[in-house]
Amino acid sequence: MLKIHDKTFSNRLVLGTGKYKDFATMKACYQAARSEMVTLAVRRFDLGAKGEDNILNWIPKNIHLLPNTAGCFTREDTLRVARLAREALDNPWIKVEVLGDTKNLYPDGEETLKACEELVKEGFVVLPYLNADPILAKKLCDIGVHAIMPLGSAIGSGLGVQNPYVMMLIKEICDSYKLPMIVDAGVGTASDAAVAMELGADGVLLNTAVAEAGEPTKMAEAMDLAVRAGRLAYESGRMDRKLYASASSPLTGVVGRN
């Protein structure tokens, strides 16, 4: 089970709400992936939308909503959007994104830390999106965030986890604070999700890989299976890597051999 703050989830895959061709496809992907939590960009949410034009009406009520501050490039803007989300959705959870530039969409670490510190003080359940940076991860843990969400690679790139060793360092830090590490961004296909989980991630958040797949619902199911398989592999403990071959069947006691 994945525990974040006061909630527990049996599914470790978190999907997004953007880039789907329509809301019906989005909802079908949630069903295929057995989703229990999805993230929603507050700045792209039309508060005045009604009926089928309101995205919230397409998200099943049993799915936990994680609002995010996507599209914010300053601390002030991030704080404003987070507060708006809490008021509009009656939800203190917030995935904090403070982006540093419009081309690479990498997060601004300094501004992220300052924004999270303020939001923690205001009683939010804070899940920060950050570069794969162990030092920043520790500073965020120190101020009392509720999960750490390092990127595997750039948003929407589909390049997978580019620095597995740093990801393992961040996982070690998170474990020392008893906080989950959720790999966020860069997953392109099911094997990327499995690798992230095999490295020790407690969950994976992705969007583009499903929304822009040729058959989104099939990819959603594949991602669910990959996350489950990767977690099982991590918990099982892989065999040691060896330079030379080691026979699957021992040679001692073989018929015809002394």
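**Aromatic pairs and pockets**

In this predicted model, F23 counts as partly exposed, because its relative accessibility is 28%. Since F23 belongs to helix 1 (residues 23–33) and W58 to the loop between strand 4 (37–41) and strand 5 (64–68), the pair ties together parts that are 35 residues apart in sequence.

The count of aromatic pairs comes to 3. Among them is the edge-to-face pair of F9 and W93, with 6.5 Å from centre to centre and 85° between the planes. This pair ties together parts that are 84 residues apart in sequence, because F9 lies in strand 2 (residues 7–9) and W93 in strand 6 (residues 93–96). F9 counts as buried, at 4% relative accessibility, and W93 also counts as buried, at 3%. A charged side chain also meets a ring, in that K95 lies over the face of Y129, at 5.4 Å from the ring centre.

The largest pocket holds about 690 Å³ of space and is lined by 34 residues, of which G18, A41, R44, A70 and N207 lie nearest its centre. Two or more lining residues each come from strand 4, strand 10 (203–206) and helix 7 (208–211), with strand 4 giving the largest share, 3 residues. By class, this lining comprises 16 nonpolar, 11 polar and 7 charged residues.

The second largest pocket holds about 390 Å³, and its lining includes P164, Y165, M168 and K171. Helix 5 (164–176), helix 6 (190–198) and helix 8 (216–236) each give two or more residues to this lining, the largest share, 4 residues, coming from helix 5. The lining of the second largest pocket has 7 nonpolar and 4 charged residues, but no polar ones.

Methods: Residues numbered from 1 in each chain as written. Predicted model: local features only at pLDDT ≥ 70, side-chain atom pairs only at ≥ 80, totals over all residues. Heavy atoms only, no water. Phe/Tyr/Trp six-rings, centres within 6.5 Å; stacked < 30°, edge-to-face > 60°. Buried < 20%, exposed > 50% of the residue type's maximum accessible area, 1.4 Å probe, protein only. Lys NZ or Arg CZ within 6 Å of the ring centre and 35° of its normal. 1 Å grid on protein atoms, 1.4 Å probe; cavity = no way out; pocket = protein on both sides within 12 Å on 5 of 7 lines; lining within 4 Å. Points joined across faces, edges and corners; volume = space filled by probe spheres on them. Nonpolar A, V, L, I, M, F, W, Y, C, P; charged D, E, K, R; others polar.
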